[in-house]
Structures are given as C-alpha cells and as structure tokens.
Amino acid sequence: MTIQSPLTVQDFKSDVKPIWCPGCGDHAVLLAVTKALVELNTPREQIAFISGIGCSSRIPAYTNVYGFHGVHGRALAIAAGVKLARPDLTVLVAGGDGDGLSIGGNHFMHACRRNVDMTYVIMDNEVYGMTKGQASPTTAPDWCNSKLTPHGTGVSPVEPVRLALAAGANFIARGFAGNPNDVARLIVEGVHHPGFSFIQVLSPCVTYRPEQREWKQSVHAGQDQPPQLVAEAMHRLASDDGFTTGVLFAGNRPAFMPERKVTASFADIEKKFAS
Amino acid sequence: MSELHFLSGNEAVAQGVRLSRPRVIAAYPITPQTIVVERLSEMVESRELAAEFVHVESEHSALALVMGSAAMGVRTFTATSSQGLMYMAECLHYTSGGRFPLVMMNANRSLALPWNIYGDQSDSLALLSSGWIQVYAETAQESLDMIIQAYAVAEDVRVRTPVLVNLDGFVLTHTYEPVIVPDQDTVDAFLPPPDFPPGYPGTFDLLRPQSLAVSAGPGDYAGFKYRQHRDMVAAAEPIRDVGGRFAEIFGRGSADLIEPYRCGDAELVMITLGSIAGTVRDVIDDLRADGLRVGLLRIRYLRPFPSEDLRRLLFGPLRRAAVAAIGILEKDISFGHQGGVALEVKAALYDQAEASAPAGLPPVRNFIAGLGGQDISRGQIIAMFDDLARAAGRDGDEPARSVRFVGLEASR
Ligand SMILES: Cc1ncc(C[n+]2csc(CCOP(=O)(O)OP(=O)(O)O)c2C)c(N)n1
Ligand code: SF4
Ligand SMILES: [Mg+2]
C-alpha cells in the first residue's frame, strides 16, 4: 500500500464550472461540501451524492464523487435505494426547498421516520430559483415579488427543522452559506451521526431574493450542547427565529440498516468462480 | 371589439383562458409552461379574471385540485409540461374515467433522462391512452382559439371528456406573433356559462347527495370503459360542430380534425402535427414550384384519432391523383417500435386496406426528428421528400428502414 498525501478541496471538485449566478449562496455550499469531504477523509469512490432538480440540485455535478441528478422531489427515495444497496457508502443528499418540501414533501417526512443512515442538506433560499422565482413552502406569506403570488401566498410557511424533529430525524442542524466552515463542520457531524441527518442551509438566491443578502446580519449561533431529547429540542425550537445556527438536535434512535453486510473480499469471490 | 396583440403562444393561451372565465386555476411552475400561469395569476390579481388561483405544491396536486372543483360543477384550468404531465399521469386517467370536463394546456417538452428542457412531443404522445382528447396547435392564434373551443368540446354533455391543448415548447410557447384577441361578449355567447347547469352529469347535485368516483367490479368496469371509448370516438362530431360554429362566429379556424394543404393532387404526402407544419408548407410551396406534386396533412386532433378523415384525404373519391408515398414527421419515438403518430396512421391505413383494398397501400416512411429541441431544417424536410420520391418509385429506397432518425449526425 502506498502512502497517499492528504486530499484537498480541489480533489473533490469536478472540472464542470458551476453555472450558478455570481454571489449565489450555493457556491459556498459547494465549498462547504468539499471541505467536509476533505475532513471526512473518505475516498471519492466511497461517496454517493444524490440530488433532485433545481439550481441547488446541480451540486453533485460540481463534485467528483458518485453523483446522481434525480427526479424532481425524489432525491431522498433514490438516496435510500443507493444506501440500502451499498450500505458501505457515505450517502449525501442535497436539493432545494422546493424540491424537498413542496413536490418532494412527503418523502421528507418518511425519510425522517425511516432513519436510513444518510445526510440531507436542503439549500434553502425560500424560492424556486430555477423556474425564475416562485414562492416555496418556506417563503414568508407576505413575500409578494412573484408573479404567481403577487399578494404573497398568505399561507403559513413550513419550518423545516421543526418538521424534521416531528417526523423523527435523528440529527438536525442549521447552517448559513455565508459561513462555509460551519456548514462543513455540520455536514461532518451529520455524516458521523447514525441515521438520518438533516441540515438546513440558508443559501441566499441573490437573483430572485436579493434581500437575503441581509441574512448575514440575522444569523446567530445556538447553544453549544445540542439537546438529545425530542421534548427539549421541541421546547427550544418553539421560540426559534429561523436563524439559529448549529446542531439543534442530536438523537439516539437506531438507524435503519439492512442486516446484510458486504463481507466477501474480491479474493473470496474469485476463488468461488475459479472452482 | 376584438383586438390585435403581439403575443407569445403562452400569452395567447392565457388570453384564451381569461376569456373562458374558469372559476378555479391550479398550477405548479415548469419551463416552458410557467408564463401561462404567471399571466393568469396577474389577471386574477388585477381582477380581469374572477377566479381562485392556487399555487400548489406539485402537478399531481394541481390536477387533483381542479378535479375536485369540476366535481362541484365549475369550469377550471391547469397547465403543465413534460415531467409535470408524467407526474399527473395517475390523475389523467382518474379525471377522464370520472368524465370531468377539464381543460389543460401542455407545453410539449422532452422527457428525462437525460434532462432536457426543450421541445419535443414525447410527453403527450406517451399519454395518448389516458382518455383525454388531444389537440395540437400550430400557431399562437390557434392556441388561443383552441382553448376556447376546448371548453365547448369538453363540457358538451355528449362528450364530457377532458381536453389537452398541446403547444410545442419554446418554438410555439415563446415565439411572438400577431394574435386576434376576441372580445368577452362574443366568447360569452359562444361558450356556456362557467358554472355547469344544475344536474350536469358527474357533478355534485347539491340537492341530492351522492357519492362520486365509484368502484366497479369486472362486469361494470368494462361498461364504463366502453362508454368512455364510445363517447370519445363520437366526440369527433361535437368537435366539428364546435370548430364550425367558431369559424362562423370568429371568422377563422375550421371544423377539420386534419387540415390538408395542397394535398388533393399530391403524390407525396407528409403527415405531421404542431408548429413544424409551417416549415413543411414552405418547403411544399418551393417543391411545387419545381413541379413536384407534394402535399401536407396536419393532424390537429390525435384523440379522437380521425381515421376516417385520414382515409378520405388519402384515398377518397375526391382525390385528383393517387398517393404514391406517405411520410410521417414527428418528434417522439415509441421505443422498440416506431413513432407514436406513425403507429396511429398505419393502424388507420390497415383498416382502409381491409375496407376497400385499393391496389396495395403506398409505402410509408416514418421520420423521427426534433428530439430534445433539435431544429428541423428545410434541408432535412426536402431530404425526407426525396426519400418519399424514391420510395414511391420503389427506386433505391430501403423499405426495411421504414423508421428513420433525422439529425443524428449532430449527436455524440
Ligand atoms: C415534475 C416537475 N415539475 C416541475 C419542474 C420544474 N422545476 C424545476 S426546479 C423547480 C423548483 C426548484 O426550486 P428549489 O428546489 O427550491 O431549487 P432552487 O432552484 O431554488 O435551488 C421546479 C418547479 C420539474 N423539473 N419537474
Ligand atoms: S437563480 Fe438564485 S438560486 Fe438559482 S443560481 Fe441564481 S442566485 Fe442561485
Ligand atoms: Mg429554492
């Protein structure tokens, strides 16, 4: 075995140049993901990165691990399939607030309760960026800059971290794209934590939600010790302003994992075929 | 007074919907449909249109929602494209089986994988058997006109079948042309009121509670499906009535399910649908100037399939020359067989052979082009007519290659 030099962020980037708008928060999420991959020190071929459809969902193509640009809203179902077929892989999932909470909303609930060991990042910009700026389930009810909802949706938004807690996610965190090092740390913790880990990353859409540039003034770090009990986490989240960053819940439900483990080595398999 | 506006296909659809006064509109955005529903939302906002507009969480919900409203006896609208239409598939059958007179616009777009947002007709062709009437517009004007006519057809008590109005993605949805926007009074006189009359079949009769959307065992089920089929076949007549009445009142359009162009004496006939028909017509004019007898049949309605019209136009007594070869140009493929339109046309031709056995059917060639938004050039269309000429003369054309992919040179 040869000794390999440590991997760098560059080692995890593909040669596809991101086509996100300049200033889009998603650039920083990409940086955070690659930093996390460096920190995890897992070989490229041990990582699968699944997404849905949306600006944010382009992210796997910009990394050089196994990527899958999924069906709109179905990233979590595809990712569960990947993990169950290859439990040895580290499975990351990413996508937008629209992909994960509107058209894919039901999968979110069931992924939380099934608790398959994977880490899901919602790059939340409170808008459908890709289809040119419509309200999503996380959009404030009075945001009225969309032609589809010129008076605002008038509908109460979803709070993804609360939804995740209620549905049974085992690890819940929130980060801000403006602090990619923090986001990278949350991803690393999420991957290390068994079961389904959910990370909401506030990732501004500078084109359709330019006011989100102000988010850097609003975010603030939460308490150091994350609650391990659902009741306590619920209590804290009840007064959450949507901008508390850090780990918000770290539970201890056993992960849903198939019994089957890959135990045979290539040598064993070759022997079998030779006989 | 009608007015002349410069509109894209999407905007023309929105105008057609506004004039038809639906009570409930539900939609989820998808390129290249989004502009239709954005315009409608703005019209609701500015009170040009008295409707409820709902920005729902998915296409599946959009179609389910308007089905609920239709069950309450009101006119509705939704629009989608591509992946969204596929996601609606379950509700497409549900709504047609329930005989809800819905109208939906579909921006024809390719299907993933690979992901591609550009126009072709794979989406609606894949759902030809979902029990919806399918019409394909060629121009923005026809798009507007077909939306209005679609409500008249769908809601006709003899029909009670939902209508899908298809526009080629981008080529038609996003291209601007002058469009006559009729005035509200004339449309009001043309269409029934947007609240269905009391007792309209298949809706809730508020004085007589009953359950809709029933189950049926093997015996009854077949009867339901037979009647659905029978009424769809018979819808050709109401479609002609509506088209004819529209032409009389508005002075444009036609009662025809298939629109012929220089076809009566044509020896080589191209059959196609949607916006590419315009380019084919130009090519035909040029080739005619060179003395070639070429013509076009533009299929407007793919469901109900106008088999008899097709046979009459190709073999009927009024023809001035026998058809020597037929081409079918379409933007889809039924994998493992042929283009979806070719399958339809050939089935109709076989019935012709059985009915009157003309001296053998002419050769048929199927051209698959424009997949994933690839341009179909005049040169390619001329080459297709060349192929047809060779097929007609049984000269150097390979009948075994009856299905031909056009434009593969550009592909990796
Ligand atoms: C079934 C289906 N419906 C609609 C679309 C169109 N569409 C693509 S992305 C998207 C929303 C994306 O929003 P979000 O997930 O928040 O991603 P963002 O672009 O904001 O990163 C929509 C509606 C689609 N691709 N498939
Ligand atoms: S539209 Fe918004 S979300 Fe999409 S790339 Fe541009 S800034 Fe980012
Ligand atoms: Mg978004």
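**Close-up views of a two-chain predicted model**

**View 1. The contact between chain A and chain B.** In this predicted model, 18 residues of chain A are in contact with 14 residues of chain B, where contact means that the C-beta atoms of two residues, placed from the backbone, lie within 7 Å. On the side of chain A that touches chain B, 6 residues are nonpolar, 10 are polar and 2 are charged; here Ala, Val, Leu, Ile, Met, Phe, Trp, Tyr, Cys and Pro count as nonpolar, Asp, Glu, Lys and Arg as charged, and the others, Gly among them, as polar. Residues are numbered from 1 along each chain as its sequence is written, while chains are lettered from A and ligands numbered from 1 in the order in which they are written. Because the model is predicted, local features need pLDDT of at least 70 and side-chain atom pairs count only at pLDDT 80 or more, whereas totals for chains, interfaces and linings use all residues.

**View 2. The surroundings of ligand 1.** Ligand 1 lies between chains A and B and is surrounded by 25 residues, of which the closest are Gly54(A), Gly96(A), Gly98(A), Asp99(A) and Gly129(A); a residue belongs to such a shell if its C-beta atom, placed from the backbone, lies within 6 Å of the molecule. The shell around ligand 1 consists of 10 nonpolar, 12 polar and 3 charged residues.

**View 3. The surroundings of ligand 2.** The residues around ligand 2 include Trp20(A), Cys21(A), Cys24(A), Asp26(A) and Cys55(A), and among the others are Asn125(A), Gly129(A), Cys205(A) and Tyr208(A). By class, the shell around ligand 2 has 7 nonpolar, 3 polar and 1 charged.

**View 4. Two packed helices of chain B.** Helix α1 (residues 9-20) of chain B packs against helix α7 (residues 140-155) of chain B at an angle of about 30°, and their axes are 8 Å apart; helices are DSSP runs (H or I, at least four residues), numbered from the N terminus, and axes are lines fitted to C-alpha atoms over the stretch in contact, with angles from 0 to 180 degrees between N-to-C directions. The two helices, α1(B) and α7(B), are therefore roughly parallel to each other, a term for angles under 35 degrees. Their contact has 9 nonpolar, 6 polar and no charged residues.

**View 5. Arg227(B) in its helix.** Arg227(B) is found in helix α9 (residues 218-234) of chain B, and it counts as exposed because it has 11 C-beta neighbours inside 10 Å, the cut-off for exposed being 12 or fewer other C-beta atoms, placed from the backbone, within 10 Å.

Definitions and conventions: Angles under 35 degrees count as roughly parallel, over 145 as roughly antiparallel, 65 to 115 as roughly perpendicular and the rest as oblique. A residue is buried if 20 or more other C-beta atoms lie within 10 Å of its own, exposed if 12 or fewer, and partly exposed in between; C-beta atoms are placed from the backbone.
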